[in-house]
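This briefing sets out computed features of one protein model for use in structural work.

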Amino acid sequence: QVQLVESGGGLVQAGGSLRLSCAASGRTFSRYAMGWFRQAPGKERELVARITIGGSTYYADSVKGRFTISRDNAENTAYLQMNRVKPEDTAVYYCAARLAGSGASYDYWGQGTQVTVSS
């Protein structure tokens, strides 16, 4: 079992930066691949970025070059650094975890943190 708690959301002006954190419980964080998702009002949840246990990353085209996902296994925390944010980045951001090798679906989710980008 893994419990995830996001933090770092808030209101930011377009062009600004924000860093989201995802703190995980337990002592096996290093065995979990992590992902950041977001859901805007009236839209489906979408994958923003993900990172494997080995540190390989993937980004959605809409955030590539602006967002950076990382992890600190010693701190049991995953991060999403958001730079040059745009109004269309406004959404509730969720972190998720899946045990490496268990399949493609994410089994554990945080409660979400709101990010609002003003124009």
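Arg84 counts as partly exposed, because its relative accessibility is 48%, and this residue belongs to the loop between S8 and S9. The model is a predicted one. In it, Arg84 has a positive phi of about 50° although it is not a glycine.

**Asn76, a further residue with positive phi**

- Asn76 is a residue other than glycine, and its phi is likewise positive, near 55°.
- The position of Asn76 is the loop between strand S7 (67-72) and strand S8 (77-82).
- Asn76 counts as buried because its relative accessibility is 17%, under the 20% cut-off for that class.
- Apart from residues up to four places away in sequence, Asn76 touches Cys22, Ala23, Ala24, Ser25, Gly26 and Phe29.

**The disulfide and the surroundings of Cys22**

- The count of disulfides comes to one.
- This disulfide joins Cys22 to Cys95, with an S to S distance of 2.0 Å.
- Cys22 lies in strand S3 (residues 18-24) and Cys95 in strand S9 (residues 91-99), so the pair ties together parts of the chain that are 73 residues apart in sequence.
- The link of Cys22 and Cys95 is right-handed, with 60° about the S-S bond.
- Cys22 and Cys95 are both buried; for Cys22 the relative accessibility is 0%.
- When neighbours within four places in sequence are left aside, Cys22 is in contact with Leu4, Val5, Glu6, Met34, Trp36, Asn76, Thr77, Ala78 and Cys95.
- Cys22 and Tyr94 are 72 residues apart along the chain, and their C-alpha atoms are separated by 8.6 Å.

**Aromatic pairs and charges over rings**

- Four aromatic pairs are found in a search of the whole structure.
- Phe37 and Tyr106 are both buried.
- One aromatic cluster consists of Phe37, Tyr106 and Trp109.
- Arg98 lies over the face of Tyr106, at 5.5 Å from the ring centre.
- The ring of Phe29 has the charged end of Arg71 over it, 4.7 Å from its centre.

**The largest nonpolar core**

- The largest nonpolar core has 30 residues, of which Met34, Trp36, Leu80, Met82 and Tyr93 touch the most other members.
- Two or more residues of this core come from each of S3, S4, strand S5 (46-51), S7, S8, S9 and strand S11 (113-118).
- Met82 touches Gly16, Ser17, Leu18, Leu20, Arg66, Phe67, Tyr93 and Val115, not counting residues up to four places away in sequence.

**Overall fold and dimensions**

- The protein contains zero helices and 11 strands, and its pattern along the sequence is β-β-β-β-β-β-β-β-β-β-β.
- A compact globule with 119 residues would have a radius of gyration near 14 Å, and the 13 Å of the protein agrees with this.
- The C-alpha trace spans about 40 × 25 × 25 Å along the principal axes of the protein.
- Of the 119 residues in the protein, 42% are buried.
- Among contacts with a separation of 6 or more, 55% are between residues 24 or more positions apart.

Note on methods
Residues are numbered from 1 along each chain as its sequence is written. This is a predicted model: local features need pLDDT of at least 70, side-chain atom pairs count only at pLDDT 80 or more; totals for chains, interfaces and linings use all residues. Side-chain values use heavy atoms; hydrogens and water are left out. A disulfide is a pair of cysteine sulfur atoms within 2.5 Å. Helices (H or I, at least four residues) and strands (E, at least two) are DSSP runs, numbered from the N terminus. Buried means under 20% relative accessible area, exposed over 50%, partly exposed in between (1.4 Å probe, protein chains only). Contact means heavy atoms within 4.5 Å. Rings of Phe, Tyr and Trp (its six-membered ring) pair if their centres lie within 6.5 Å; planes under 30 degrees apart count as stacked, over 60 as edge-to-face and the rest as tilted. A charge sits over a ring if NZ of Lys or CZ of Arg is within 6 Å of the ring centre and within 35 degrees of the ring normal. A nonpolar core is a set of buried Ala, Val, Leu, Ile, Met, Phe, Trp, Tyr and Cys residues joined through side-chain atoms within 4.5 Å. The radius of gyration is taken over C-alpha atoms; the globule rule is 2.2 Å times the number of residues to the power 0.38.
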